Amino acid sequence: MRGLTLRAVLFALTADLIPYYALYALLFADHGLSTAQISSLLAIWSATSFLLEVPSGAWADTVSRRGLLILSGVLLTAGFLVWTLLPSYAGFAAGFVLWGTSGALRSGTFEALIYDDLAARASTSAYPRLMGYTRAAAESAALAGILAAAPLYAWGGYALVGWSSVVLAAVHVVSAVVLPTAPKVVSASDVEELEEEPDAVPTALAPAGISRYVHMLRSGLRESLRVKVVRRGVILVALLNGITAFDEYFALLADHAGASPSISAVLVGVTVAGALAGAALAGRTESVSARAFSVAMGIAGVLFIGGALLCGLATAHPGFGYPLVAVGFTAIAIAYGIDYNADVLASARLQDAIEGPARATVTSVSGLVTEVIALIVFVFAGVSAAWLPIPALVAALGTPLLVIAALLPTWLPGEREVRPPTAD
């Protein structure tokens, strides 16, 4: 178990140890792009993931999940390389297409691989704790990368930030190579059907491979749409995850308040620290009731909206600018942490609810809905930027937290019921 945990944490850690995270919105702006153009780039990113999310999930249920995660890392590295070599709208768009493809390949695939490995060990009860560790590792890495962006920018500008991101993404590829190759878990009712196909599918282009792919795709879509507890879990996880697209505007919020690029990186880092804390506490909050989480999410919504508006006041009251921005970003960070904690819990209960063979496909359906929500966020931001200042825009993007708070009491499944699945 310790070896699995270390490899999973290493994979998550290297995936987000990227200095570009802190400054890419400012990179775009400094190359002459408007808020609307930046939002269009983010929409391209989201649309790419949207189109590939479910097909890649079914692919992950058909071929080697570790192989897809390695490919995902290669594409991520290529995306940052394009940004660094071609810093223009076209280059940024191409980089986002590569990044979006990478994210689609990873989304659902990693979670399914870890859950199936735990199922093979009869240890699925450890899933929330392990995923809490990986999410905390990811946020720790993001925080480290963001904080590193400040001195990197000071020493070498965007070029040094870019090349550092390329090298660290390449390290992520290596971390994918050492992941386990867990046996896929299927329900007893599917064993006979799957056994009729060849045990090894060398390529998805072979007739048997195509048949298996179609079977997985249909199974995952059917379970996602027809099983009520799974359907609600898919949507809830997507809401909790999709609305965090608002974090793409944190650097612009800090810049609006008068912070320099280096200070902006630190402020964005504060929000990541909040997400880190929320993820790290997932193992301790897995037994918290849905009603309690509803109250917490309501508080998160108020803190997020209030924090964004406080940052807006900094420009009107420059004498109190730094305290207002510090308090505002701290409030946003707490809200971010509550959302992350709820996301890990809801994701774990969704994994428990899945009974069919297409685990990665079901998880990818949730990822697809996530991208739809993120796309709505980007389109709303792009259109609203014409008449809303950044603080009001970010505050508006936090209002869905209040909607989620109202849904949680009935949409979050009850106590975790871990069933020992049948392994193929």
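Below is a short exchange on a predicted model.

Local features here need pLDDT of at least 70, side-chain atom pairs count only at pLDDT 80 or more, and totals for chains, interfaces and linings use all residues. Residues are numbered from 1 along each chain as its sequence is written, and side-chain values use heavy atoms, with hydrogens and water left out.

Visitor: How far apart are the end C-alpha atoms of helix 12?
Guide: Helices are DSSP runs (H or I, at least four residues), numbered from the N terminus. Helix 12 covers residues 261–280, 20 residues in total.

Visitor: Is Thr5 buried or exposed?
Guide: Thr5 sits in helix 1 (residues 2–15). Buried means under 20% relative accessible area, exposed over 50%, partly exposed in between (1.4 Å probe, protein chains only). At 16%, Thr5 is therefore buried.

Visitor: Which residues does Thr5 contact, leaving aside neighbours within four places in sequence?
Guide: Contact means heavy atoms within 4.5 Å. With those neighbours left aside, the contacts of Thr5 are Leu130 and Tyr133.

Visitor: Which element gives the most to the nonpolar patch?
Guide: Phe50, Leu51, Leu52, Val372 and Ile376 form this surface patch, with about 430 Å² of accessible area together. Helix 3 (35–60) and helix 16 (359–384) each give two or more residues. With 3 residues, the top contributor is helix 3.

Visitor: What is the relative accessibility of Val372?
Guide: Val372 lies in helix 16. Val372 counts as partly exposed, because its relative accessibility is 31%.

Note on methods: Expected span 1.5 Å × (residues − 1). Patch = residues over 30% accessible without salt bridge, like charges linked within 9 Å, V, L, I, M, F, W, Y side chains within 5 Å. Areas by Shrake-Rupley, 256 points an atom, 1.4 Å probe, with all protein chains shown as cover. Salt bridge = Lys/Arg side-chain N within 4 Å of Asp/Glu carboxyl O.
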